[in-house]
Structures are given as structure tokens and as C-alpha cells.
Amino acid sequence: MESARAFDAELCSCLDRGDQRGAGTWLVQRHADQVLALCRAMVRDLETAEIAVEAALTGHLLFSTIHTNDAATTVTRFLEMGIEPFMISSSMLCACAQRLMRRLCKCKVQYEPDETEKKLAQIPPDFKDPIFKKKGCNKCNGSGYKGRTGTHELLVMCDEIRELINKRATAQDIKIAAVLNGMKTLHDDSMLKVRQGITSIEEALRVVKVDEHMPKVEKQPEPPPPTQDKHGGH
Ligand SMILES: [Zn+2]
């Protein structure tokens, strides 16, 4: 508790002075007894990573960004920076990976994907919704795309992943464990957005490659497509 207060004070004074420690600038806020800490830059050096881990271990809910290929690689990035495995496994709650894909413009055209595409897009045999591809019009400057959408994956810490981190397992092994524990990968989510008619198979594959050597997991019921085109950029 004492160390939490001291750390809190240190973070706050850094903020007051507009200070930087490592590559991170810290924003600290108290909200209903919970101290939220936000690293306003990327965690990319040992000093910033150490502060992040220390903040998390002393009761701060900390959010930050880090450049990695996917959610599982977050762990290996911290290891590469020199953070001890048990410090990561005991301080990390989750890692969310995000990439941006272009949204199909309203000029999109419905088509019948071939068998290879159906497999890639994880289209079940009883699937009735239309699949679209790009066309191009004046509004999208002929590109077929207008606006962006995200594809995400959320790795949530669990005992199995904690053990793998402590053993310095590879990012691939951590990813497999996460998938077995219910994680939808960046690829899965990008293909969901294909089935929802938001983007094309071509665009989804340009942004996220197909997962390799992933275990087959029982399919969950499909979430309903978004009702409003809020982020279409029209
Ligand atoms: Zn268009």
C-alpha cells in the first residue's frame, strides 16, 4: 500500500512537471478509488515497460499501447525488453490487438464466392447472407472502399497462459492457448466482417494473413451484424 502511494505520487509529480520517463508520458487519474494510469506514448523501452509493470503490480489499472503483430506477441515484446516472465504474468490482464481495414463503399456488389474463398471466410454451409466484393464509383474515387473498420482480438489472461509465460513459451503457443480459451483471432474477426458485408475477402486478407496451425474450436453463435453504419465515413 505504501509503495502504491509512493508510486502514485511519483507518477503524479511526473505529470505535474510534464515529465517523461522512458518513452512514456504518464497520465494518472483517480476515479472512484481506482487509480487509472495511462501511458500516452508507446511502451518500447525497458524503463517505460518497468514503470508500466510496477504501476500494474501496485494496484493501478494501466492502459497503454505497444507495437506488436498480434495480442500474443505483446508478451514476447515485454520479454525482449527485459521484463521477467513472472512480472508479466502477474501484472497483465489482457491484450487487445487492432488493425484497420477499409470498408466496402455502398457501390459494393454481391457475388458467389468460390469454394476456396468460402473456406477462408469460414462460411458455414447453411449461410444465407450475401457476400460482397468491391466495385468502384464516383463517391469512392473508383477504389470500391470508403471509410475504415477495425479487426480485433482480445487475449485474456488465464492460468494456462500465465504458466506458458512463466516458461517463456513462444507467442505461437500463447496464441494457441488463447484460442483454446475462446479468443477470436484478428483473422477470425476480419472474416466475420466479411460475412457481415462490411469488407471484402480481398481486403481482409490484405490486412490479416490466415492463421497458421491453429486448433479447431467449436464455433460460437454468430453475433448479429451492426445495425447502423456509424463509422462509414459517408
Ligand atoms: Zn463506391
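1. The buried residues of helix α3 are Thr73, Thr74, Val75, Thr76, Phe78, Leu79 and Met81, where buried means under 20% relative accessible area, exposed over 50%, and partly exposed in between, with a 1.4 Å probe and protein chains only. The helix, spanning residues 73–81, is mostly covered, with 7 of its 9 residues buried; helices (H or I, at least four residues) and strands (E, at least two) are DSSP runs, numbered from the N terminus. The buried residues of α3 pack against α2 (46–57), α4 (85–91), β4, α6 (159–166) and α7, contact being defined as heavy atoms within 4.5 Å. Just after α3, glycine 82 adopts a positive phi of about 105 degrees.

2. On the basis of the model: this is a predicted structure, in which local features need pLDDT of at least 70 and side-chain atom pairs count only at pLDDT 80 or more, whereas totals for chains, interfaces and linings use all residues. Residues are numbered from 1 along each chain as its sequence is written, and side-chain values use heavy atoms, with hydrogens and water left out. The mean pLDDT of the chain (pLDDT being the predictor's confidence in each residue, from 0 to 100) is 84, and 78% of the residues reach 70 or more. Over residues 15–20, however, the pLDDT is below 50, and this stretch has 7 contacts in the model beyond near neighbours in sequence.

3. On the chain as a whole: there are 9 helices and 7 strands, and 42% of the 234 residues count as buried. Among contacts between residues at least 6 apart in sequence, 70% join residues at least 24 apart. The accessible surface of the chain comes to about 13,800 Å², with 52% of that area belonging to carbon and sulfur atoms, as computed by the Shrake-Rupley method with a 1.4 Å probe, where for residues only the protein chains shown count as cover.

4. On the metal site: the zinc ion is coordinated at 2.3 Å by the SG atoms of Cys105, Cys107, Cys137 and Cys140, donors being N, O and S atoms within 2.8 Å of the metal (3.2 Å for Na, K and Ca), with the caveat that water is not among the atoms, so sites may look incomplete. The angles among the 4 donor atoms run from 103 to 111 degrees, and the site is tetrahedral, a label given to four donors if all angles lie between 85 and 135 degrees. For reference, the ideal angle for four tetrahedral donors is 109.5 degrees. Along the chain, the donors follow the spacing C-x1-C-x29-C-x2-C.

5. Cysteine 107 counts as buried because its relative accessibility is 16%, whereas cysteine 137, at 27%, counts as partly exposed. Cysteine 140 also lies in the loop between β6 and β7 and is buried, at 4% relative accessibility. Leaving aside neighbours within four places in sequence, cysteine 140 is in contact with Cys105, Cys107 and Tyr145.

6. On threonine 185: this residue is found in the loop between α7 (171–180) and α8 (186–195) and counts as buried because its relative accessibility is 1%. Not counting residues up to four places away in sequence, threonine 185 touches His152, Glu153, Lys175, Val179 and Asp211. Threonine 185 and aspartate 211 are 26 residues apart in sequence and 7.9 Å apart in space, C-alpha to C-alpha.

Key: Tetrahedral: all angles 85-135°; square planar, octahedral: opposite > 155°, others 65-115°.
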